[in-house]
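Please read it alongside the sequence and the coordinates.

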Amino acid sequence: MKALEIKDLSYHKNLKTILERVNLTLEAGKIVALVGANGAGKTSLMRVIAGLAKQYKGGVEVCGEADEDRRKQYIAMTDSLSAFRDSRKIKDVADFYRLVYPDFDDKQFADILEFMNLNEDERLGSLSKGMKEKLIIALVFSRKAKLYLLDEPFSGVDAMSRKKIIKSMLLWKPEEATLVISDHVLDEIAPVIDEVVLIKKHSVLEQRSAEEIRAEHESIEEWYEGFYEGEE
Amino acid sequence: MIGFKQTFAAMFKEKSRTTWLSLGIEAVFILLVSLYFDIRYGFGSDSAGVGIGISAMVIFCMCIWYQIDVIMAAYRINRSQTWRQVPVTAGNFLTANVLTGLVTAVIFALANLLIFVIVLLPFIFGGEMRIDSQAVATFQPYVSSIISWGLYMALFALVSFISGICFWLLITESASVLGDFLPLKGRTSKFAKAVILLALLALLSWGSSSILGAVIRMVSNFGFDFNFVIDNTGLHTSHTDLGLPVISWLYMLAQIVYVAVLWAAEYFVFKKGVEAKK
């Protein structure tokens with residue numbers, strides 16, 4: 001079953017091309033790394049899929065649903081939580097998620113929060129960048145979604161926690177759900193991924209299975225770095 | 001997918017925090033000011049009225065500020081990535097956003113009325129309360145007419161408030177959508193946004209002012225003129241009243257149609273063009 005199908009997607013803003021003729025199909029249950037340099041269009045692609053960016057051309061279907069509003073029910077995407085003031089507690093944010101997402105699982109949230117060493121009485125303003133990112137990951141995986149979109153989720157998380165979280169994500173994610181992790185650093189997510197999608201020059205340059213890459217190259221990072229050799 | 005009720009409940013929960021916080025701060029400030037003037041000058045003196053004047057000014061300013069805040073909150077929610085990820089249809093989202101703004105504004109206005117009544121109580125009862133029998137006798141026949149006018153004006157204010165939210169959402173969002181997607185860059189894009197904003201403001205203001213102007217003319221010409229006069233001797237009334245004319249309901253209808261047009265235009269802009277901010 002297809003979790004995501006994108007056909008001829010183009011997205012321009014003012015005079016700038018952000019995505020051009022993107023075609024991409026992801027099967028259900030896969031863990032996919034969405035890689036590319038800064039500004040390649042990874043975040044914009046996720047925003048288009050999630051219905052947050054508008055005025056694009058082409059087709060986007062999530063679990064067979066093309067309607068922008070309706071496909072949101074299948075997606076859990078990382079969010080900066082900018083709608084909440086620093087004075088709000090973690091439990092307030094959880095209350096909001098509980099109210100607006102019917103697939104929010106309280107037990108899962110409590111478990112992940114404990115795993116992340118976070119207390120639900122802590123205020124958002126007292127959290128460090130890394131702790132806030134852990135909370136965002138906890139909120140995303142507390143939902144039983146079909147498609148998880150994680151946009152550079154580990155940039156502020158310390159190396160030890162990052163490894164633990166990456167391993168645990170496999171347990172938190174429902175088996176049939178697809179997980180897309182966008183990052184420009186591959187080394188830590190490489191061991192768990194099934195597929196790699198490389199975005200370059202505003203389009204999908206390569207989509208390959210991780211197993212194939214591992215068989216042909218020393219590592220996924222080596223394969224990825226090969227696309228940027230000779231570039232500044 | 002969630003429905004209108006859940007979306008409304010979630011938005012109301014978030015927005016009402018500001019309402020209660022603002023009301024709490026305002027109420028404490030107003031009561032302290034009134035108490036100060038009441039204790040210093042006595043409840044029955046003319047100088048005690050200074051406290052009421054200050055309270056009325058504070059309430060007026062707070063109501064204006066709150067109206068602006070309601071519109072800003074609606075705009076922030078429409079542009080918020082957190083909110084825009086919520087699985088709800090655009091129509092339900094927008095309606096819930098506008099109506100929660102209205103409901104919190106009504107709560108704010110009613111609470112302010114209550115605060116003002118509380119502030120007035122010692123002043124009224126501290127002075128010699130006199131409503132002469134002749135005033136009461138002439139007041140009686142007009143009670144039902146006053147109720148009709150009161151209901152009409154309250155209803156018109158509610159519809160106008162909705163039109164105000166839709167109006168500002170439409171012009172600010174249209175300007176940013178057109179500015180974002182026009183083939184322009186940098187300063188030219190900002191300039192284009194400003195021009196579009198001004199053009200829309202002029203065009204839609206014309207629509208609002210035509211209806212509101214007509215209603216104001218109707219009110220002043222057809223004769224709702226009922227005054228309460230409060231001084232240190234108590235409450236007095238004066239009035240001339242000619243009842244609620246049929247045309248007033250036509251103006252109400254015009255305002256409702258205007259709101260519907262604004263809402264539909266805003267829905268189109270929101271659904272097709274308004275992006276969530278990163």
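Predicted model: local features only at pLDDT ≥ 70, side-chain atom pairs only at ≥ 80, totals over all residues.

On the surface, Glu218(A), Glu222(A), Glu225(A) and Glu229(A) gather in a patch of negative charge, and one of these residues, Glu225(A), lies in helix H8 of chain A, which covers residues 220–226.

**Cavities**
- Rolling a probe the size of a water molecule over the atoms shows where empty space is left.
- The structure holds 3 cavities of 30 Å³ or more, and about 70 Å³ of space lies in the largest cavity.
- The lining of the largest cavity draws on both chains, with Lys54(A), Asp69(A) and Lys72(A) from one, and Trp83(B), Arg84(B), Val86(B), Val88(B), Thr89(B), Ala90(B), Phe93(B) and Phe270(B) from the other.
- The elements that give two or more residues to this lining are helix H3 (81–84) and helix H4 (90–126) of chain B.

**Second largest pocket**
- About 760 Å³ of space lies in the second largest pocket, and of the 29 residues that line this pocket, the closest to its centre are Ala83(A), Arg85(A), Glu14(B), Thr18(B) and Arg76(B).
- Two or more lining residues come from each of helix H1 (4–41), helix H2 (48–79), H3 and H4 of chain B, with the largest share, 8 residues, coming from H2(B).

**Salt bridges**
- Side chains of opposite charge can pair when their charged atoms come close.
- Over all chains, the structure holds 21 salt bridges, including one between Asp69(A) and Lys271(B), whose closest N and O atoms are 3.0 Å apart.
- That pair crosses between chains, from Asp69(A) in helix H2 (residues 68–71) of chain A to Lys271(B) in helix H8 (residues 247–272) of chain B.

Notes: Residues numbered from 1 in each chain as written. Chains lettered and ligands numbered in written order. Heavy atoms only, no water. Patch = residues over 30% accessible without salt bridge, like charges linked within 9 Å, V, L, I, M, F, W, Y side chains within 5 Å. Areas by Shrake-Rupley, 256 points an atom, 1.4 Å probe, with all protein chains shown as cover. Salt bridge = Lys/Arg side-chain N within 4 Å of Asp/Glu carboxyl O. Lys, Arg positive; Asp, Glu negative; His and termini not counted. Charge placed at Lys NZ, Arg CZ, Asp CG, Glu CD. Helix = DSSP H or I, 4+ residues; strand = E, 2+ residues; numbered from the N terminus. 1 Å grid on protein atoms, 1.4 Å probe; cavity = no way out; pocket = protein on both sides within 12 Å on 5 of 7 lines; lining within 4 Å. Points joined across faces, edges and corners; volume = space filled by probe spheres on them.
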